[in-house]
Amino acid sequence: MVRLEIRLINIGFGNIVSANRVVAIVSPESAPIKRMIQEARDRGRLIDATYGRRTRAVIVSDSDHIILSAVQPETVAHRVVAREDEE
């Protein structure tokens with residue numbers, strides 16, 4: 001039997017996402033990323049986990065959801081790597 005282990009990462013303010021579902025962690029500064037955020041908002045696929053703070057990381061999932069985080073992309077990526085090293 002194949003066992004799929006679910007790895008969770010904290011993206012700030014107690015919000016958790018499945019690391020297995022993350023495709024990319026990017027900065028929100030570029031025009032293409034801003035368009036991607038707006039398109040996700042229009043389609044109802046945007047998850048805003050910033051608690052009203054400035055968006056610092058945009059997390060793209062394999063389910064076509066876009067997740068906004070107030071934590072730096074490097075910090076989120078470090079948490080994914082640290083979690084993998086832990087195991």
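User: Which residues does I67 touch, not counting residues up to four places away in sequence?

Analyst: A contact means heavy atoms within 4.5 Å. I67 touches I11, V17, I47, A57, V58 and I59. This is a predicted model: local features need pLDDT of at least 70, side-chain atom pairs count only at pLDDT 80 or more, and totals for chains, interfaces and linings use all residues. Residues are numbered from 1 along each chain as its sequence is written, and side-chain values use heavy atoms, with hydrogens and water left out.

User: How do I read a nonpolar core, and which residues make up the largest one?

Analyst: A core is a set of buried Ala, Val, Leu, Ile, Met, Phe, Trp, Tyr and Cys residues joined through side-chain atoms within 4.5 Å. Buried means under 20% relative accessible area, exposed over 50%, partly exposed in between (1.4 Å probe, protein chains only). Here the largest core has 10 residues: I9, I11, V17, A19, A49, I59, I67, V71, V76 and V80. Another core, of 7 residues, lies apart from it; I33, I37, V58 and I66 are among them.

User: In what order do the strands of the open sheet run?

Analyst: First, the terms. Helices (H or I, at least four residues) and strands (E, at least two) are DSSP runs, numbered from the N terminus. Two strands pair if DSSP finds at least two bridges between them. In this model, 4 strands form an open sheet in the order β3-β5-β6-β4, with mixed pairing. β3 (22-26) and β4 (46-49) are at the edges, each with a single partner strand, so one side of each has no neighbour in the sheet. β3 and β5 (residues 57-61) pair antiparallel over 4 bridges. Within that pairing, A24 has V60 as its bridge partner in β5.

User: Which strands does helix α1 touch?

Analyst: Helix α1 (residues 31-43) packs on the sheet and touches β3, β4, β5 and β6 (66-69).

User: How many aromatic pairs does the structure hold?

Analyst: Rings of Phe, Tyr and Trp (its six-membered ring) pair if their centres lie within 6.5 Å; planes under 30 degrees apart count as stacked, over 60 as edge-to-face and the rest as tilted. The structure holds 1 aromatic pair. F13 and Y51 form it, tilted, at 5.3 Å centre to centre and 35 degrees between the planes. F13 lies in the loop between β1 and β2 and Y51 in the loop between β4 and β5, so the pair ties together parts 38 residues apart in sequence.

Key:
Axes are lines fitted to C-alpha atoms, for helices over the stretch in contact, and angles run from 0 to 180 degrees between N-to-C directions.
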